[in-house]
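Take a walk through this protein with the model open beside you.

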Amino acid sequence: MRTGKEYLNSLDDGREIYIEGKRVENVVTHQAFSGVTQSVANLYDKYIEQKDEMTFTSPDSGESVPVSHMVPRSKEELIHRRKGLSISADNTFGHLGRSPDHVASFIAGFASDPDFFAESDPKFGENITRFHKKIREENSYLSYVIIPPQIDRTKTAQELADSHLAAGIYKERDDGLVIRGAQMLGTASTIADYIFLTCMTPLKPGDEAYAVSLVVPVNAKGVKLYPRRCYAMGQPSVFDYPLSTRFDETDSLVIFNDVFVPWEDVFVYRDIKKVREQFFRTPAHILGNNQAQIRLVTKSKFLLGLAKKLTETNGIDKLPPVMGQLGELASLVSIVEGMLLASEATAITNPKGVVIPNPRFLYGVMGLQAELYPRMINIIRELAGGGPLQVPSSVFELQNEETAADMNHYIRSANGTSAKDKIKLFKVIWELTGSEFAGRHQQYEMFYAGAPFVARNYSFMNYGFEEALELVDQCLEGFDVSS
Ligand SMILES: Cc1cc2nc3c(=O)[nH]c(=O)nc-3n(C[C@H](O)[C@H](O)[C@H](O)COP(=O)(O)OP(=O)(O)OC[C@H]3O[C@@H](n4cnc5c(N)ncnc54)[C@H](O)[C@@H]3O)c2cc1C
């Protein structure tokens, strides 16, 4: 299996990334990415260290490969997958939304149904099967850009001022396609091996050029990445910014500047219906978002742990109103975990024999995520008060003898936690509740699977209202004008 070192070595491949007007020479050594690439490298090593829990046996090579590439065919496999993905999420306390496990889960879902892709042309079915096997055996890291850039959301790609603003086919060649345009939002594209490009927002007749599904290596000629401000940059130390220096996966506008894509890397071609159905007629969206929920359980538990620790540190943990707040937070975290386990306990087998988490509970909790996450963060903010701002400006106050004496004298805790440990705790809390990194994470949890109105729509579409309606019918039938 690929080691962390091999992953890091592979990144010096000429990829075109621009930050502050300059091209990044090597992501591994650049301050914006050195911490997060090391975190991903640690994950690659972890797959090897905890092979029994985090991998399964490849049906082709017989080698151990991470569970994210699995197409679960029994409840036991689904549970094994969840446990492996959970260990993986623990590695970054749930902070890498687009870790290597995420898009791999989508591709596994696609590959479970090559017939879907083959309906247009057998070669597309073969392409998805071959690509899935390739990334599974090589344990590649995929990111995706599946949303057109924000320009005018009342228009589809063909209606924009320039027909190549949103990414789509610019030219066709005998050996493949040439892609031109931009797509959002490439989380982790800067540090991945491939970008999966497609369009998830609804298209209409005339938009065929944008109705594609394909993969390109991040270093393919013409792929340009423009990340937003990277939060690891300019930070004085890991001590001061313990999360953003290690777990900022970055989000990029991805530009395809006439990028050539050979036919073998194309899965959907000029098909408006299929480009959307690929997510829902195959179990891709379910497996991908199930991975996202497994990660969210880890992150939610981490938040709960932070809240509990901070209340103990400040001696407020036994006050009844605080116990109530911790209880509310525990309830919110339990909802996320409970829905994950409910979706697994009531898993269903799809017509292709894939055992998938029950969409009712998966999408049920996703529909609430835009409210649950900010509510969790707000409880911690309320419990933390000014504590996260009562910390010294940097680690240097603990290194200078004179200032360290003040820190050790005045920064104390109800439970005897040292000044250093209290400062560490509150720096983590600030990173997750008040920093720029925190703001981005709130935006991420609210939007990563679509805008909140879209997530609620998934819940509407997948609940299955029959039982609810039957109860109402029974009730209504139980009385009448003559009752
Ligand atoms: C941190 C972060 C990371 C992300 N990572 C990725 C990634 O890795 N890959 C990827 O492909 N995408 C990613 N996304 C993009 C994500 O998929 C989009 O944010 C999401 O699909 C919503 O699209 P949008 O942001 O353009 O919002 P819009 O669609 O523009 O919606 C914004 C708001 O406008 C209103 N609105 C828009 N359209 C309608 C409508 N039809 N009806 C009613 N109201 C409407 C709603 O109030 C909505 O909340 C990421 C987003 C964030 C914030």
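Two strands pair if DSSP finds at least two bridges between them. Strands (E, at least two residues) and helices (H or I, at least four) are DSSP runs, numbered from the N terminus. This is a predicted model, where local features need pLDDT of at least 70, side-chain atom pairs count only at pLDDT 80 or more, and totals for chains, interfaces and linings use all residues. Residues are numbered from 1 along each chain as its sequence is written, and side-chain values use heavy atoms, with hydrogens and water left out.

Begin with β5 (residues 142-145) and β8 (residues 194-198). They pair in the parallel sense, over four bridges. Tyr 144 stands opposite Phe 196 of β8. What covers β5? Both of its faces are covered. Leu 142 and Tyr 144 on one side, and Ser 143 and Val 145 on the other, are all buried. Here buried means under 20% relative accessible area, exposed means over 50%, and partly exposed lies in between (1.4 Å probe, protein chains only).

Now turn to the open sheet. Six strands form it, in the order β2-β1-β10-β11-β7-β6, with mixed pairing. Its edge strands are β2 (22-23) and β6 (168-173), each of which pairs on one side only. Strands of a sheet pair through backbone hydrogen bonds, either parallel or antiparallel. β6 and β7 (residues 176-183) take the antiparallel sense, over five bridges. Arg 173 has Gly 176 in β7 as its bridge partner.

Next, rings against rings. Rings of Phe, Tyr and Trp (its six-membered ring) pair if their centres lie within 6.5 Å; planes under 30 degrees apart count as stacked, over 60 as edge-to-face and the rest as tilted. By this rule there are 22 aromatic pairs. One of them joins Phe 124 and Tyr 269, a tilted pair at 6.4 Å centre to centre, with 35° between the planes. This pair links distant parts of the chain, 145 residues apart. Phe 124 is in helix α7 (residues 122-138), and Tyr 269 is in the loop between β12 (266-268) and α9 (272-280). Phe 124 counts as buried because its relative accessibility is 3%. Tyr 269, at 26%, counts as partly exposed.

Tyr 363 and Tyr 458 form another tilted pair, at 5.4 Å centre to centre and 45° between the planes. Tyr 363 belongs to helix α12 (residues 359-366) and Tyr 458 to helix α18, 95 residues apart. Both are buried.

Three of them, the largest share, come from α18 (residues 452-463). Phe 465 is in the loop between α18 and α19 (466-477). It is partly exposed, since its relative accessible area is 38%.

Now compare two residues by position. Leu 389 is in the loop between α13 (369-384) and α14 (396-399). It is exposed, at 58% relative accessible area. Phe 426, in helix α16 (residues 419-433), is buried at 2%.

Finish with the backbone. Most residues other than glycine have a negative phi, and most peptide bonds are trans. The bond from Met 184 to Leu 185 is cis, with omega near -15°. Leu 185 is in the loop between β7 and β8. Ala 188 is in the loop between β7 and β8 too, and its phi is near 65°, a positive value. Ala 188 is buried, at 0% relative accessibility. Glu 20 has a positive phi as well, near 50°. Its place is the loop between β1 (16-19) and β2, and it is exposed, at 63%.
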